[in-house]
Amino acid sequence: MNGVRILVIATFFVFVLMTPVVVASGNDSYYIFDNELQVNEGITIETSIHIEVVEVKRIPLERAKFRITSYQRPERMITVFKEDGPQANRYETYSGASIYLDVIGVYSDSVQFRVSGPSNWRVTDYYDVDPEEGGGEVDEAVTVPKLKITRTLDISSVQQGQTAKVTFKIKNDGNGTASEIELDEPTIKGAYREGCPTTLDDIAAGATERVSYDLKIVDVEPGTYELNPTLLNYKSESGTSYSSESSSNVLVIVAEEVLAPELEIKLTIESDDDVIICGERFSVTVRIDNTGNATTGRITVKSHLPDDVRVAGGEIDPVYESIKPGDYEEYEVTMIAYEPGKHVIKMDVLWADEEASASAEFWAERSGFDKYYIYILAAIPIVLILLWLIKRRREYSF
Amino acid sequence: MLNILVLGIGQCGNRILDSINSEAFGGNGTFAKYYSNQKFPASVKTIAINTAINDLKGLKYTLAKDRFHVPHLHGVGANRTLGKKVFEDNKELIMGEIDKRGSFDLIFIITSTAGGSGSSFAPRLVEELKAAYNAQIVCIAVLPFREEGSISLQNTAFCIKELIEEKPNGILLVDNQYLKKYAGDIKSAYDKINATTARRLLFLIEALNSEMLMVTDLGDLKTVMNGGVGIGTMGFYESDNGNTVKATILGSFKPSGLLFPANVYTEGARAMLIIKGSKKYLDLDLINKTIEELSTEVGQVFKGVLVKKGPAKVLSLFTLNSIPELDRLYASAAVAIRTEKVKREESKKQLDNAFACIEELEPIY
Ligand SMILES: Nc1nc2c(ncn2[C@@H]2O[C@H](COP(=O)(O)OP(=O)(O)OP(=O)(O)O)[C@@H](O)[C@H]2O)c(=O)[nH]1
Ligand SMILES: [Mg+2]
């Protein structure tokens, strides 16, 4: 049942996605272009989209590299492999309509390929590319600005609620001033840009501009996010439009860290096998660790001792003004237990409105002497009586 | 305090001595010796002397160091001749043992007259002790059951004779035959006789040692024992509370309370009365009056009064002018000896006759 549904859905999607192609393949007129071009030859579609063949390669796989430029879009290099199918090589134009490239055959210095797209689009120009120029439309007469944008984040990992500083370094590698610079910065849902400019002042040739803004992570789930490339649209002095984009950045958002002290108390009884001798001193070490990430306020320790356990040395319930995170306080108390049996010492550490406790167990045993003391006491008169009896017996036995 | 030595010789003497030691423990039974100490009314030393080691072993209340074995195993078998020889052979040892105990004011020698060891040692001891110590010596001689046989009678006869010859200060008789009435079987009769004898002896010692009102002393004892034939016995009476002290005193002269059958009123020579009890029972005037009366019949009567908690008790000790019972005993002893002699001679004659048959004959092979 599920299988069938998945199949139906999948088929539906494939159908929807394939629609332009299917339509295109069904009727020749939908191919905007279907022909062979030499390397360094280009076509212009609808006067604004330029597709140039940059290079062809047959080994190891037959492919062709195209440079595509269009209005309001940065230049893009696309390598199309033969038989990849048109869907794999989509190019989105400024209007939102897409075109698709599909390589049919690759020859020594030419490639046969198809461009499909909106049915009313036509190839408006064929041109040769001057190899020296290397990009864009040939515009020899005027100066050309060429902005290169690099985007950096001051931290690669940012906590929820914190801010990452995003810096753009924009360099004009061209020979003309870039003006009407528009900065199109994508964002992550739930994050807000503070002080992110949308337009920039003109950048003269060779100049470098630095702009930064704060990216405030407000309501973003922890995870790894890709910050899409920044798009720069600008114009030359002659009014020609250009665009360039930065590379994308990865930003890791981690859960918000709450700052709070956290104390842990630990008791260590110094004894062999946790057995101590009644009436003998033993020491207990108390260690309080701040395992939290904030400094504590005033700390008090409250001990709970069994009735027969006395403190023989040291302060058992000290007060500390504060403990820094990662820091600890340690102190030693000497105690004496008087009765045999199992004992539990409990200690509470109290700070702010919180408390932590620890307990330690030990056995108290009478010392060898204590244990037999009563028997020895009892035995003395018995032995004396026995000795007396033996003496008497000997005195009266002949 | 008087220094007194009590010697128990032979099985009978040993056992009476053991009774004395037992009484000194308070007469509290076998275990008394494990938890209490002996209390004698004076400084009393006791020695049990015997030729039979088993007799010594049978004692219970006498210290081992106070048991002296004369090295002649298993007694002398009622043979007084052998007994005398054993004594002679061990005289130094015996006297040395006694000497270890210091000096004495009064010595009691307790023995049976019918056995071998005790009856032969006693006269010899009297002789030796008289030579060695300046002490009064009183013998307590236990007479046998008359049915014990001719040897017993004969031993008794010779023993008493020899004892008198050695002149001790006195001889007090205890007659098993007469006291047989105490119990049905011999063993318990012995025990009873021994305990009674022991108690009376300790009573006497207490009185002699006492420094109380109207006391008797060793001098009195000597005088009493010197009376008559030097042989006497002891009587005893304990009042039940209704009795007057007079009745109690007279009670102690009753034959039933004596250790040897005698008639104090007809045969008594001298007497000593020891009256003991709570003060309220001891009416001194009455005591004096009673004793005055008695003196007219018995002769010299010494008295001692011991004030001590308890009912009035009277111990009488006296010597006799004549002893009919002893006469009878000697008579039967003589008969026994003669009969024995005749029997022996007849047996010998018979044997001689038998041998005569083979006279002048030679065995032929
Ligand atoms: N009252 C009394 N008489 C005893 C006791 N034992 C033995 N006799 C008497 O003592 C006489 C026997 O003399 P023993 O004292 O046994 O003889 P012994 O002096 O030990 O001499 P041997 O045994 O012959 O070496 C008998 O007349 C017994 O009746 C006793 O415990 N109490
Ligand atoms: Mg014997």
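Which helices of chain B each supply at least two residues of the shell around ligand 1? They are α1 (10-24), α5 (117-132) and α8 (186-209), where helices (H or I, at least four residues) and strands (E, at least two) are DSSP runs numbered from the N terminus. The model is predicted, so local features need pLDDT of at least 70 and side-chain atom pairs count only at pLDDT 80 or more, while totals for chains, interfaces and linings use all residues. Residues are numbered from 1 along each chain as its sequence is written, chains are lettered from A and ligands numbered from 1 in the order in which they are written, and side-chain values use heavy atoms, with hydrogens and water left out.

The shell around ligand 1 holds 23 residues, and the closest are R15(B), A78(B), S117(B), E148(B) and Y190(B); a residue counts as near if one of its heavy atoms lies within 4 Å. Helix α1(B) gives the largest share, four residues. Sorted by class, the shell has nine nonpolar, 12 polar and two charged residues. In this scheme Ala, Val, Leu, Ile, Met, Phe, Trp, Tyr, Cys and Pro are nonpolar, Asp, Glu, Lys and Arg are charged, and the others, Gly among them, are polar.

A backbone N or O atom of Q11(B) is 2.8 Å from a ligand oxygen, and a polar backbone atom of V76(B) is 2.9 Å from one. On its own, ligand 1 has 640 Å² of accessible area, and the protein covers 90% of it (Shrake-Rupley method, 1.4 Å probe; for residues, only the protein chains shown count as cover).Next comes the interface. Nine residues of chain A and 18 residues of chain B make the contact, meaning heavy atoms within 4.5 Å. The area buried between the two chains is about 1100 Å², with 59% given by carbon and sulfur atoms; buried area is the accessible area (1.4 Å probe) that two parts lose on being put together, summed over both. R392(A), Y396(A) and F398(A) supply 73% of the area that chain A buries against chain B, more than any other three residues. The side of chain A that touches chain B has four nonpolar, one polar and four charged residues.

Zero salt bridges are found across this interface, a salt bridge being a side-chain nitrogen of Lys or Arg within 4 Å of a carboxyl oxygen of Asp or Glu. Over all chains, the count is 40. One of these joins the side chains of D34(A) and R114(A), at 3.3 Å from N to O. Because D34(A) is in strand β1 (residues 31-38) and R114(A) in strand β8 (residues 110-116) of chain A, the pair ties together parts that are 80 residues apart in sequence.

Elsewhere in chain A, S359(A) belongs to strand β29 (residues 354-365). Its C-alpha atom is 5.3 Å from that of I345(A), 14 residues apart along the chain. Leaving out residues up to four places away in sequence, S359(A) touches L267(A), V344(A), I345(A) and K346(A).

How values were computed:
A polar contact is a pair of N or O atoms within 3.5 Å; within protein, one must be able to donate a hydrogen and the other to accept it, and residues adjacent in sequence count only if both atoms are side-chain atoms.
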